[in-house]
Amino acid sequence: MKYPHYLFVITTSSVQQREDGSWQSPTQALVFLCRCREEAQSKGQEVPLANTHVQRGNASFRRFCSVVYFPKGVARLPAGVRILISDDPQGKEVRVEALVQRCDIGQYHARLWV
């Protein structure tokens, strides 16, 4: 199977004040985005944070723990979005929960570094 895992975006509701003046705490929800394939990274590699092909001496790099492949046509995820990758469609068997460090939309597929 090309995409055996499930990619979710974790959304958080805003804090709101109730009519009695107390505050309602934020809640989190999983929003299914697409099927994906997560590959753990164990080589200590780094990903450039800039989307340029020519790196300069002052370019920023960050270590990543996984690369996530998903089909082309899915919306680009901005850096900093919290995602969850699961083995099941309900999001209960968590493989990875992390922040997106970089998203790249290629010719045949898209990749996330988390």
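User: Start with a pairing. How do β7 and β11 pair?
Analyst: Strand β7 (residues 66-71) and strand β11 (residues 109-113) are antiparallel, with five bridges between them. Strands here are DSSP runs of E, at least two residues long, numbered from the N terminus. Two strands pair if DSSP finds at least two bridges between them.

User: Which residue in β11 is the bridge partner of Val67?
Analyst: Trp113.

User: Before we go on, what kind of model is this?
Analyst: This is a predicted model: local features need pLDDT of at least 70, side-chain atom pairs count only at pLDDT 80 or more, and totals for chains, interfaces and linings use all residues. Residues are numbered from 1 along each chain as its sequence is written, and side-chain values use heavy atoms, with hydrogens and water left out.

User: What is the mean pLDDT of the chain?
Analyst: The mean is 83, and 80% of the residues reach 70 or more. pLDDT is the predictor's confidence in each residue, from 0 to 100.

User: Which element has the lowest mean, and which the highest?
Analyst: Strand β5 (residues 46-48) has the lowest, at 57. β8 has the highest, at 95. Where pLDDT is low, the predicted coordinates should not be read in detail.

User: Back to the fold. How many helices and strands?
Analyst: Zero helices and 11 strands.

User: What is the strand order in the sheet of seven?
Analyst: β9-β8-β1-β4-β7-β11-β10, an open sheet with antiparallel pairing.

User: Why is one side of β9 and of β10 left without a neighbour?
Analyst: β9 (94-99) and β10 (102-105) stand at the edges of the sheet, and each has a single partner strand, so one side of each has no neighbour there. On average, neighbouring strands of this sheet are turned by 30 degrees against each other, direction ignored.

User: What joins β10 to β11?
Analyst: A hairpin, through three residues. The two strands run antiparallel with four bridges. Asp104 stands opposite Arg111 in β11.

User: Now the core. Which residues have the most contacts inside the largest one?
Analyst: Leu7, Phe70, Ile83, Ile85, Val100, Leu112 and Val114, in a nonpolar core of 18 residues. β1 (5-12), β4 (28-40), β7, β8, β9 and β11 each supply at least two residues of this core. A nonpolar core is a set of buried Ala, Val, Leu, Ile, Met, Phe, Trp, Tyr and Cys residues joined through side-chain atoms within 4.5 Å. A second, separate core of five residues includes Tyr3, Phe64, Val67 and Tyr69.

User: What does Ile83 touch?
Analyst: Beyond four places in sequence, its contacts include Leu7, Val96, Val100 and Leu112. Contact means heavy atoms within 4.5 Å.

User: Different topic. Is Ser86 buried or exposed?
Analyst: Ser86 is buried, at 0% relative accessibility. Buried means under 20% relative accessible area, exposed over 50%, partly exposed in between (1.4 Å probe, protein chains only). Ser86 lies in β8 (residues 82-86).

User: Which side chain makes a polar contact with Ser86?
Analyst: That of Asp88, at 2.6 Å. A polar atom of the Ser86 side chain also lies 3.1 Å from the backbone oxygen of Glu93. A polar contact is a pair of N or O atoms within 3.5 Å; within protein, one must be able to donate a hydrogen and the other to accept it, and residues adjacent in sequence count only if both atoms are side-chain atoms.

Conventions
Axes fitted to C-alpha atoms, helices over the stretch in contact; angles between N-to-C directions.
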